[in-house]
Structure formats: C-alpha cells, structure tokens
Amino acid sequence: MATMEPFRGQGGIQMLLTAEQEAQHIVCSARSLKMARLKQAKGEAEKDVALYRSHMETEYQKKISETSGSSGNTVKKLEEETEMKIKNLEESTSKVSKEIVDMLMKHITTVRT
C-alpha cells in the first residue's frame, strides 16, 4: 500500500485529471490528423477521377471522329459504286435495246397460221 500513497487525496485526483486531459488532446490530435489525411485522399481521388474522365472523353471523341469519318467515306464509296452500276446498266441496255426492239417487232408482226 505504500505505492498507492501518492495517489491519495487532492494530488492523486489532480494527476488523473491531467492525464485525462492529455489523453483528450492526443485523441483530438489523432482525429485532426485523420481528417486531414481523409481530405487529402479525397482530393487525390477527385484528381484521379478527373484525369480518368478526361482520358475516357478523349478516347470517346477519337472513336466518334473515326466512326463519322469512316461513315462519310463509306457513303461516298457507296455513291460511287451505285453510279458505276447505273452507268453499266445504261450501257448494257443501250447495246441490247435495238436487238430487243427488233425481236419484239418480229414477234408482233409475224402471223401464225
């Protein structure tokens, strides 16, 4: 019981109160550091998200431009192919149209008995 002697009375209570206050300061300090770290982490995460979003937007715009550019080329190519086919059909019909007219005239004017 000799070791408990200094904690008796007002001196012991005062030491406990001081220790409690120091503990509260330590806890408050730790909370402040924790909040500061959380804010820093949140800021870094927001930067990372903004950078990722920017990267994805750039990729998206690149894909859009590639797609729209190729669709424009595709339309132009299809129009050229269509014009060629129409021209070929017109040439073919102009070559055989006289023969067809002659054949029809022959069948119409021929009388079968």
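The accessible surface of the protein chain amounts to about 10,900 Å², and 62% of this area belongs to carbon and sulfur atoms; areas were computed by the Shrake-Rupley method with a 1.4 Å probe, and for residues only the protein chains shown count as cover. The model is predicted, with local features requiring pLDDT of at least 70 and side-chain atom pairs counted only at pLDDT 80 or more, while totals for chains, interfaces and linings use all residues. Residues are numbered from 1 along each chain as its sequence is written, and side-chain values use heavy atoms, without hydrogens and water.

Of the 113 residues in the chain, 1% count as buried (buried, under 20% relative accessible area; exposed, over 50%; partly exposed, in between; 1.4 Å probe, protein chains only). The chain contains one helix and zero strands, where helices (H or I, at least four residues) and strands (E, at least two) are DSSP runs numbered from the N terminus.

One salt bridge was counted, defined as a side-chain nitrogen of Lys or Arg within 4 Å of a carboxyl oxygen of Asp or Glu. It joins the side chains of Asp102 and Lys98, at 3.3 Å from N to O. The two residues lie four apart in helix H1 and are therefore separated by about one helical turn. Asp102 is partly exposed at 42% relative accessible area, whereas Lys98 is exposed at 56%.

A nonpolar surface patch is formed by Val96, Ile100, Val101, Leu104, Met105 and Ile108, which together have about 550 Å² of accessible area. Patches consist of residues with over 30% relative accessible area and no salt bridge, like charges being joined within 9 Å and nonpolar side chains (Val, Leu, Ile, Met, Phe, Trp, Tyr) within 5 Å. Ile100 is located in helix H1 (residues 9-109) and is partly exposed, at 41%.
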